[in-house]
Amino acid sequence: ELSQGDAKGAVLESLQAPFEILLSRRLKPLTARIPALSARVAGIAVSGRFGYNAATPAPFTGDLWVPAVQFSQLQHLPEKLKLQLTSGRGSLELKVTGRGPRDFTATAAARVSAVEGKQAEKRFGIKNGEVDSRIE
């Protein structure tokens with residue numbers, strides 16, 4: 001467990017990631033997993049899991065979720081973009097499998113609803129929105 005406490009400006013505020021590793025007699029990793037990861041990143045709750053199994057064609061797997069978060073709580077994030085979100089909520093889901101950084105498949109889904117805000121002085125709104133993507 002890692003915790004930044006009340007550190008101002010910390011991006012990673014807390015992390016809980018218990019893990020299990022199974023090694024061969026020659027200390028090569030056979031399996032590894034983080035069955036339940038939970039973190040707080042810039043005030044946002046993130047959960048997920050990760051795994052590695054050397055015996056499978058795609059040994060690395062990972063899932064991350066950001067459950068529905070109120071955008072009004074995220075005023076510190078978009079300051080550099082001169083973006084002010086006054087209402088709405090959104091969620092994010094990411095899934096990754098593969099052999100490594102050059103050979104993987106990923107899917108991502110982002111959903112937003114009832115978003116209102118302004119960038120610079122221009123107001124905008126999104127009633128409902130969804131973005132699904134796949135990387136191969």
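Colleague: Is Tyr-52 buried, exposed or partly exposed?
Modeller: Tyr-52 is partly exposed, because its relative accessibility is 23%. The cut-offs: buried is under 20% relative accessible area, exposed is over 50%, and partly exposed is in between, with a 1.4 Å probe and protein chains only. Keep in mind that this is a predicted model, where local features need pLDDT of at least 70, side-chain atom pairs count only at pLDDT 80 or more, and totals for chains, interfaces and linings use all residues. Residues are numbered from 1 along each chain as its sequence is written, and side-chain values use heavy atoms, with hydrogens and water left out.

Colleague: How many aromatic pairs does a search of the whole structure find?
Modeller: One. The rings of Tyr-52 and Phe-60 have centres 4.9 Å apart and planes at 45°, so this pair is tilted. Rings of Phe, Tyr and Trp (its six-membered ring) pair if their centres lie within 6.5 Å; planes under 30 degrees apart are stacked, over 60 edge-to-face, and the rest tilted.

Colleague: And Phe-60, buried or partly exposed?
Modeller: Phe-60 is partly exposed, at a relative accessible area of 40%.

Colleague: New topic. How many helices and strands are there?
Modeller: Zero helices and nine strands. From the N terminus on, the elements read β-β-β-β-β-β-β-β-β. Both kinds are DSSP runs, numbered from the N terminus: helices are H or I with at least four residues, strands are E with at least two.

Colleague: Which strands pair with β5?
Modeller: Strand β4 (residues 29–41) runs antiparallel to β5 (residues 44–53), and nine bridges join them. Strand β6 (residues 60–70) also pairs with β5 in the antiparallel sense, over six bridges. Two strands pair if DSSP finds at least two bridges between them.

Colleague: What stands opposite what?
Modeller: Thr-31 stands opposite Asn-53 in β5. Phe-50 faces Gly-62 in β6.

Colleague: Where do side chains point in a strand?
Modeller: In a regular strand they alternate between the two faces of the sheet.

Colleague: Now charges. How many salt bridges?
Modeller: Seven. The rule is a side-chain nitrogen of Lys or Arg within 4 Å of a carboxyl oxygen of Asp or Glu. In one of them, Arg-49 meets Asp-63, at 2.9 Å from N to O. Arg-49 lies in strand β5 and Asp-63 in strand β6, so the pair ties together parts 14 residues apart in sequence.

Colleague: Are those two buried or exposed?
Modeller: Arg-49 is partly exposed, at 42% relative accessibility. Asp-63 is buried, at 11%.

Colleague: What else is Asp-63 in contact with?
Modeller: Leaving aside neighbours within four places in sequence, Asp-63 is in contact with Ser-47, Gly-48, Arg-49, Leu-94 and Lys-95. Contact means heavy atoms within 4.5 Å.

Colleague: Which partner does Lys-118 have?
Modeller: Glu-121, with the closest N and O atoms 4.0 Å apart. Lys-118 is partly exposed at 21% relative accessibility, and Glu-121 is exposed at 68%.

Colleague: And Arg-134, which partner there?
Modeller: Glu-136, with the closest N and O atoms 2.5 Å apart. Arg-134 is exposed, with a relative accessible area of 54%. Glu-136 is exposed too, at 70% relative accessibility. There is also a network: salt bridges that share partners join Arg-111, Glu-130 and Asp-132.

Colleague: Back to the whole chain. How much counts as buried?
Modeller: Of the 136 residues, 19% count as buried. The accessible surface comes to about 10000 Å², and 56% of that belongs to carbon and sulfur atoms. Those areas come from the Shrake-Rupley method with a 1.4 Å probe; for residues, only the protein chains shown count as cover.

Colleague: Last one. Where is confidence lowest, and where is it highest?
Modeller: Lowest in strand β1 (residues 2–3), at a mean of 68, and highest in strand β3 (residues 20–23), at 97. The protein averages a pLDDT of 89, and 89% of the residues score at least 70. pLDDT is the predictor's confidence in each residue, from 0 to 100.
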